[in-house]
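Here's a quick briefing for anyone meeting this structure for the first time. Have a look at the model, then read on.

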Amino acid sequence: MPNNPQARRAAIDEVDRAIIRALAENARLPNNALAEAVGIAPSTCLARTRALQERGIIRGFRAEVDPAAIGLPLQAMISVRLRAHTREQNESFRSTAPDLPGVLAVFHMAGSDDYLLHVGVAGPEALRDFVVDHLTTHPAVAQTRTNLIFEQIAGRQYLTPPGR
């Protein structure tokens, strides 16, 4: 069922939205505190949270790590354009990109660029080496464009769908 977008959207009510909103703010919120914040019984809250997970609406709970604190103070967004838009070239790049050193996220894009990589590295030389050693040498990659990140400001994701 999680791969069916219609099923995901089907029956999300205001209580589900409140659970999602609270967990987006603090994923470590204990069930009792979550239930109290949402205004439902703890057993109901636990069942609803599990149902949201089973349906793929809540995909996981993560620790947000500061890349600079672990030795990756320089972050960049690197646009990647493939040589050809074949399944083989897409799959070749898609299967290797997430495992490259320093890759924090990979986005498959529509538009002039095919992929956008969020990377964290130790410094300018490491960024240059990443591009030269891992991207320009990849047989599917035609072009890259690197933009440095000055600051990352978290958005309030998953709080309320547009128009609500």
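What follows covers the sheet, the helix on it and the salt bridges.

This is a predicted model, so a few ground rules apply: local features need pLDDT of at least 70, side-chain atom pairs count only at pLDDT 80 or more, and totals for chains, interfaces and linings use all residues. Residues are numbered from 1 along each chain as its sequence is written, and side-chain values use heavy atoms, with hydrogens and water left out.

**The sheet**

- Four strands make up an open sheet: it has 4 strands in the order β2-β3-β1-β4, with antiparallel pairing.
- Its edge strands are β2 (103–108) and β4 (141–149), each of which pairs on one side only.
- From one strand to the next, the twist averages 20 degrees.
- A couple of terms here: strands (E, at least two residues) and helices (H or I, at least four residues) are DSSP runs numbered from the N terminus, and two strands pair if DSSP finds at least two bridges between them.
- Strands β1 (residues 74–82) and β3 (residues 115–121) run antiparallel and are joined by 7 bridges.
- Across from A76 you'll find V119 in β3.

**The helix on the sheet**

- Helix α6 (residues 124–135) packs on the sheet and touches β1, β2, β3 and β4, where contact means heavy atoms within 4.5 Å.
- The direction of α6 makes about 20 degrees with that of β1; axes are lines fitted to C-alpha atoms, for helices over the stretch in contact, and angles run from 0 to 180 degrees between N-to-C directions.

**Salt bridges**

- Side chains of opposite charge can pair when their charged atoms come close.
- The count comes to 6 salt bridges, each being a side-chain nitrogen of Lys or Arg within 4 Å of a carboxyl oxygen of Asp or Glu.
- One of them pairs D13 with R48, with the closest N and O atoms 2.9 Å apart.
- That pair links distant parts of the chain, 35 residues apart: D13 sits in the loop between α1 (5–10) and α2 (14–25), and R48 in helix α4 (residues 42–54).
- D16 also meets R48 in a salt bridge (2.9 Å, N to O).
- Because D16 lies in helix α2 and R48 in helix α4, this pair ties together parts that are 32 residues apart in sequence.
- Shared partners join D13, D16 and R48 into one network.

- D16 is buried, with a relative accessible area of 5%; buried means under 20%, exposed over 50%, and partly exposed in between (1.4 Å probe, protein chains only).
- D13 is partly exposed at 32%, and R48 is partly exposed at 24%.
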